[in-house]
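Sequence and coordinates come first, then the packing.

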Amino acid sequence: MTYRRRELIIVFIFCINICIGFVLGKFLVAKTVSGSSAISFFIARPLYAYHVINNKLYSSDPVERLTGYCTLYDLRIVDDAFLYERYKQEENIASKRIILQILALQGGKDLFHFLDEVFELSDTSLKKQMVTIVKQLYPHKLDSFAQKHKVDAQWIHTE
Amino acid sequence: MKQIRICEAHLKVGLFGGTFNPIHIGHLINAQFIREEFNLDFIVFIPTKYPVHKELEDNVEAKHRYQMVKLAIEGVEYFKVSRLEIDREKPSYTIYTVEEILQKNPNWELFFIIGYDAFNEINTWKEWKRLLMTIDFIIMKRPGDVLHRRFDKYMSRIHCANNPVIDVSSSVIRDRIRSGKSIRYLLPENVEQYIYKHRLYQGER
């Protein structure tokens, strides 16, 4: 193989990587961030984005993590299961509230079950936020949800 | 996760931003009602240095507006005033203020208090979607006011206050001062004295 031909192949592979990154980048970053795949490490385009988001999401600074959650939403790479887990791990109220808001914006199919599961373990502000989400996204399930969790009727009617 | 900070107890804190040019009884009464309605531990008044979205009438320096707020809330333990935006070199974008406050106080639950008109234009603010995800908004509405539908998705973070409608505004106060009319009862007495002592709002427009 001549030196020139090898050079062309390297350029070709690099271009293919960039193209794959554009097409599959967000998906691969989402998979890597949630820990279900590490393939994006091998693709040029998502690597930087992964690095930035990863640093935010795994930072010890709660505000950094909080902006990390927003970035997930901005890039439309929200992984519901990852956020469900994070909701349980996070201790500060601001992070929990932002996670709930992102999940509500995302409107994933398991969200209702998640709310049902964590409602009793959450504090009043979070409970109120959950009731508003159920009211908005699952109005047909609101009555049964309210009954099961003994929701204050005022929350349903005033918020 | 490398390390998760544990903050068991949290405080519910209202952020009341504005030019406060000058602060008046409408601001104070609404703040009082909202604090009670939403069980806020305290409210922080945050005078802006230069408003990003509107012209600052009479060009009253931030130090005067800050001082007037300080006088107005004197002796009220659950009202505080912050120099955060006044001391910032960059423009007063709310998202910076909120993130700065959360950085220092990660266990605070923040509620941004805002008028209905301003809220309906929030989509012109810097990183407004991020802001709506990050904190709660308490909106001071008047009867008949309707929120724009673009905010429907964020309703779990938006709360409407049952505040009294007080038809006093800073612009009315400025106009009354300019035309030599009394401003008694429209703002706290010590603020009134401060305005006259420093000859604020008395020049031509």
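In this predicted model, the largest nonpolar core holds 79 residues. Phe45(B), Val69(B) and Leu110(B) have the most contacts inside that core. Its largest share comes from chain A: helix α5, residues 93–106, gives 7 residues.

Neighbours within four places in sequence are left aside here. Its contacts are then Val13(B), Leu15(B), Val98(B), Ile101(B), Leu102(B), Ile135(B) and Asp136(B).

**Helix packing in chain A**

Helix α5(A) packs against helix α7(A), residues 124–137, and against helix α3(A), residues 62–74. The table gives the geometry and the make-up of both contacts.

| Helix pair | Angle | Axis separation | Residues of the contact |
|---|---|---|---|
| α5(A) and α7(A) | about 5 degrees | 11 Å | 7 nonpolar, 2 polar, 2 charged |
| α3(A) and α5(A) | about 5 degrees | 10 Å | 10 nonpolar, 1 polar, 1 charged |

Take the pair of α5(A) and α7(A), at about 5 degrees. That angle makes α5(A) roughly parallel to α7(A). On the α5(A) side, the contact uses Ile93(A), Lys96(A), Arg97(A), Leu100(A) and Ala104(A). They meet Ser125(A), Leu126(A), Gln129(A), Met130(A), Ile133(A) and Leu137(A) of α7(A).

Now the other pair. α3(A) and α5(A) also pack at about 5 degrees. This makes α3(A) roughly parallel to α5(A). From α3(A) come Pro62(A), Arg65(A), Leu66(A), Tyr69(A), Cys70(A) and Tyr73(A). From α5(A) come Ala94(A), Ser95(A), Ile98(A), Ile99(A), Ile102(A) and Leu105(A).

Is Phe22(A) buried or exposed? This residue lies in helix α1(A), residues 3–33. Phe22(A) has 11 C-beta neighbours inside 10 Å, and the cut-off for exposed is 12 or fewer, so it counts as exposed. Between Phe22(A) and Asp110(A) there are 88 residues of sequence separation and 29 Å of space, C-alpha to C-alpha.

**The sheet of chain B**

Chain B has an open sheet of 6 strands. The order is β3-β2-β1-β4-β5-β6, and the pairing is parallel. β3(B), residues 79–81, and β6(B), residues 158–161, are the edge strands, each pairing on one side only. Direction ignored, neighbouring strands are turned by 30 degrees against each other on average. Helix α3(B) packs on this sheet and touches β1(B), β2(B) and β4(B). The direction of α3(B) makes about 155 degrees with that of β4(B), residues 108–115.

Strand β2(B), residues 42–47, deserves a separate look. Why is it largely enclosed by the rest of the structure? Because 5 of its 6 residues are buried. β2(B) pairs with β1(B), residues 11–18, in the parallel sense over 6 bridges. Gly18(B) stands opposite Pro47(B) of β2(B).

**Where the chains meet**

How many residues of chain B are in contact with chain A? The count is 22 residues of chain B, against 25 residues of chain A. Helices α3(B), residues 94–104, and α5(B), residues 128–134, each supply at least two residues of the chain B side. That side divides into 8 nonpolar, 7 polar and 7 charged residues.

Notes: Residues numbered from 1 in each chain as written. Chains lettered and ligands numbered in written order. Predicted model: local features only at pLDDT ≥ 70, side-chain atom pairs only at ≥ 80, totals over all residues. Core = buried A, V, L, I, M, F, W, Y, C linked by C-beta atoms within 7 Å. Buried ≥ 20, exposed ≤ 12 C-beta atoms within 10 Å, placed from the backbone. Helix = DSSP H or I, 4+ residues; strand = E, 2+ residues; numbered from the N terminus. Contact = placed C-beta atoms within 7 Å. Axes fitted to C-alpha atoms, helices over the stretch in contact; angles between N-to-C directions. Parallel < 35°, antiparallel > 145°, perpendicular 65-115°, else oblique. Nonpolar A, V, L, I, M, F, W, Y, C, P; charged D, E, K, R; others polar. Pairing = 2+ DSSP bridges.
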